Amino acid sequence: MSLKAPPPPLQPPAAAAAAAAAATTVAAAQAAGAVRLYKGTMVQPVVEAGIRQHTIHVYERAALGVNAEGRICYFLKDEGQGEEKEKDDKNEEEQQDENGTLSSEKTGSRSYSSSSSPPVPLSVIHLPLHHFLLPGLIDTHIHAPQFSYTGTATHLPLMSWLSCYTFPAEERLKDDLPYAKALYSSLLSTVVAHGTTTALYFATKDIEPTKLLADLAHTKGQRAYIGKINMDRNAPPSYCETSAASSLEETEKFIKYVKEKINSPLVHPALTPRFLPTCSEPLLRGLGELVKKYGGEEEKGGREGGRARKGIHVQSHISESADHIEFNKSLAEHHEGTQRDVEVFDRCGLLTPLTVLAHGIHLSPHELSLLSSRGTSLAHCPLSNFFFGHSVLPTRTVLEAQVKVGLGTDVAGGYSPSMLSAVRSCVIASRVLEDGVEEWRHGEEVDEEGEKIKCERQEKIQNEGMAEGGKEMWCKSGRDGMRIDWKEALWLATMGGAGCLGLEDEVGSFEVGKAFDAVRIDVKKGGGVVVVEGGRDSAEDLVQKWVNCGDDRHVIEVWVAGREVKKVNQQEK
């Protein structure tokens with residue numbers, strides 16, 4: 001008589017349920033075609049109802065599957081929730097099957113079922129509690145050649161800064177391609193190391209170093225939009241294009257080089273009139289014709305292409321500073337009497353849904369309405385605005401005007417190549433705008449002419465009942481409702497930037513069908529972020545700590561279209 005094998009030990013109900021949920025998740029990811037399954041904390045940009053609708057959610061027990069083409073094929077917000085899964089307002093049309101796989105009519109992603117194909121080998125990656133994934137960061141305004149003097153030259157006004165630093169730095173690259181290669185290679189490694197997976201680059205006016213930047217971006221694997229700068233006036237003779245015709249000819253050569261020789265779904269040309277002071281009306285009109293010429297071309301699909309909008313991108317600067325605006329006024333006779341750059345760009349056909357204009361901090365309500373009607377975006381560069389802009393962008397006002405906004409580092413006008421710096425500066429700028437700059441007034445102060453100084457808005461905090469002209473008070477001038485918090489700023493650095501570039505259905509969040517452009521963060525690596533063993537930090541707390549205190553040392557892996565472009569040895573300290 002043979003003895004039966006003893007039954008397996010009974011598991012506690014909670015453990016059994018967790019094991020069953022894990023098995024279901026793996027099976028569903030396999031059925032969806034995943035070859036990698038990440039499980040752990042993930043940051044998801046979302047859109048919620050209400051005025052302040054842009055934010056992020058932090059899911060502590062999420063699961064994300066990536067297929068062999070580098071696309072997200074499975075996403076589950078909480079492995080322990082079962083069928084009660086949170087739905088974002090913007091995804092009301094999404095349907096979710098019994099295994100948690102999403103499909104979306106809006107993005108064109110498809111639904112997967114366990115019977116669609118045989119399961120593929122699946123690698124499951126469990127993220128430690130101090131790790132999290134977030135979508136790749138998107139820099140909507142960065143000057144590649146200016147990386148050489150990042151961190152210097154912030155003491156000058158804009159126009160002097162261009163003459164003393166920018167033009168010489170850019171001009172050098174034409175005759176020193178080995179130096180240009182070293183510079184651009186360093187730049188690309190640096191920004192990718194900080195978690196920037198997509199960037200919109202200004203290069204130089206010269207085609208050869210600009211082609212080199214495109215080649216290196218392709219080799220690095222970053223998603224890059226690159227512009228050969230157009231400038232045919234008001235620049236040093238040695239660094240100024242000889243005519244509008246020659247500028248347009250060189251521009252089209254670069255477009256064809258990128259499209260035909262590099263031929264990458266990740267690297268694209270961008271029309272780049274530097275700004276109105278350096279671009280003649282014939283040059284701007286010619287660029288408008290190129291917008292029409294290349295406006296109907298489809299972007300490539302496949303592993304790395306996906307669902308980008310048709311057309312060619314345009315980038316420039318508008319309403320950046322007081323001296324910029326005054327320069328525009330002096331050129332009105334050359335632009336049919338128009339003093340404002342937005343109106344000139346519109347007349348020349350350069351305001352499109354794929355146009356990204358840097359700064360725009362001095363725009364009128366009418367100009368914001370015009371940008372909104374054209375689908376044109378603003379690249380908010382808060383750090384450089386503090387140095388050169390003579391103001392800060394009223395980001396809330398711009399968003400409420402239905403103008404798309406992304407964030408930019410504006411290297412080297414901004415001294416940091418990290419998008420975290422842009423996120424933090426965005427929050428700070430909004431607080432300055434909302435709260436105003438307070439000044440403690442002692443008694444009745446007078447100006448140089450002996451007139452009493454009066455604030456437009458006065459808030460007395462002592463001697464509440466004192467008469468007008470009392471001894472002590474706060475003088476404060478601010479704008480209510482302007483605040484941007486860290487969550488919304490992080491949304492601008494991901495989905496906001498994706499929308500600016502026409503990539504909202506391709507990158508910027510973890511949605512099924514999108515490319516897996518992602519960053520893995522280890523908040524305990526490298527210092528800077530306070531994480532105490534036995535502490536009570538929630539997953540959201542750790543994300544917020546990294547946003548406010550972290551840097552590139554915490555970025556341990558970066559992927560673009562599923563391809564790993566940075567990996568740090570987990571044992572390194």
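This report describes the strands, a helix pair and some local backbone features of a predicted model.

## Overall composition

The model is predicted, and its protein chain has 14 helices and 22 strands. Of the 573 residues in the chain, 56% count as buried. Among contacts between residues at least 6 apart in sequence, 73% join residues at least 24 apart.

## Strand β1 and its partners

Strand β1 covers residues 34-47 and is mostly covered, with 13 of its 14 residues buried. With strand β2 (residues 54-67), β1 runs antiparallel, and twelve bridges join the two. Within this pairing, A62 in β2 is the bridge partner of G40.

Besides its bridges to β1, β2 pairs with β3 in the antiparallel sense over four bridges. One of the facing pairs is G65 with Y74 in β3. The two strands form a hairpin with four residues between them, and G70 in the turn has a positive phi of about 80°.

Strand β3 spans residues 72-76; five of its five residues are buried, so the strand is largely enclosed by the rest of the structure.

## Packing of α5 and α6

Two packed helices are described by the angle between their axes and the distance between the axes. For helix α5 (residues 244-262) and helix α6 (residues 281-293), the angle is about 30° and the axes are 9 Å apart. Because angles under 35 degrees count as roughly parallel, α5 is roughly parallel to α6. The crossing of α5 past α6 is right-handed.

On the α5 side, the contact is made by A244, S247, L248, T251 and E252. These meet P282, L283, G286, L287, L290 and K293 in α6. By class, the residues of this contact divide into six nonpolar, three polar and two charged.

## P209 in helix α4

P209 is placed in helix α4 (residues 207-220). P209 has a relative accessible area of 0% and is therefore buried. Leaving aside neighbours within four places in sequence, P209 is in contact with L173, K174, L177, Y184 and T204. The C-alpha atoms of P209 and E170 are separated by 9.5 Å, while the two residues are 39 apart along the chain.

## Backbone exceptions

Most residues other than glycine have a negative phi, and most peptide bonds are trans. A153 is not a glycine, yet has a positive phi of about 65°. A153 lies in the loop between β8 (137-143) and α2 (158-172). The relative accessibility of A153 is 6%, so A153 counts as buried.

S319, also a residue other than glycine, has a positive phi near 40°. The loop holding S319 runs between β13 (313-318) and α7 (322-330). With a relative accessibility of 1%, S319 counts as buried.

The peptide bond that joins V411 and A412 is cis, with omega about 5°. A412 is in the loop between β16 (404-407) and α12 (419-435).

Key: Residues are numbered from 1 along each chain as its sequence is written. This is a predicted model: local features need pLDDT of at least 70, side-chain atom pairs count only at pLDDT 80 or more; totals for chains, interfaces and linings use all residues. Side-chain values use heavy atoms; hydrogens and water are left out. Buried means under 20% relative accessible area, exposed over 50%, partly exposed in between (1.4 Å probe, protein chains only). Two strands pair if DSSP finds at least two bridges between them. Axes are lines fitted to C-alpha atoms, for helices over the stretch in contact, and angles run from 0 to 180 degrees between N-to-C directions. Angles under 35 degrees count as roughly parallel, over 145 as roughly antiparallel, 65 to 115 as roughly perpendicular and the rest as oblique. A crossing is left-handed if the near helix is turned anticlockwise from the far one by less than a right angle, and right-handed if clockwise. Contact means heavy atoms within 4.5 Å. Ala, Val, Leu, Ile, Met, Phe, Trp, Tyr, Cys and Pro count as nonpolar, Asp, Glu, Lys and Arg as charged, and the others, Gly among them, as polar.
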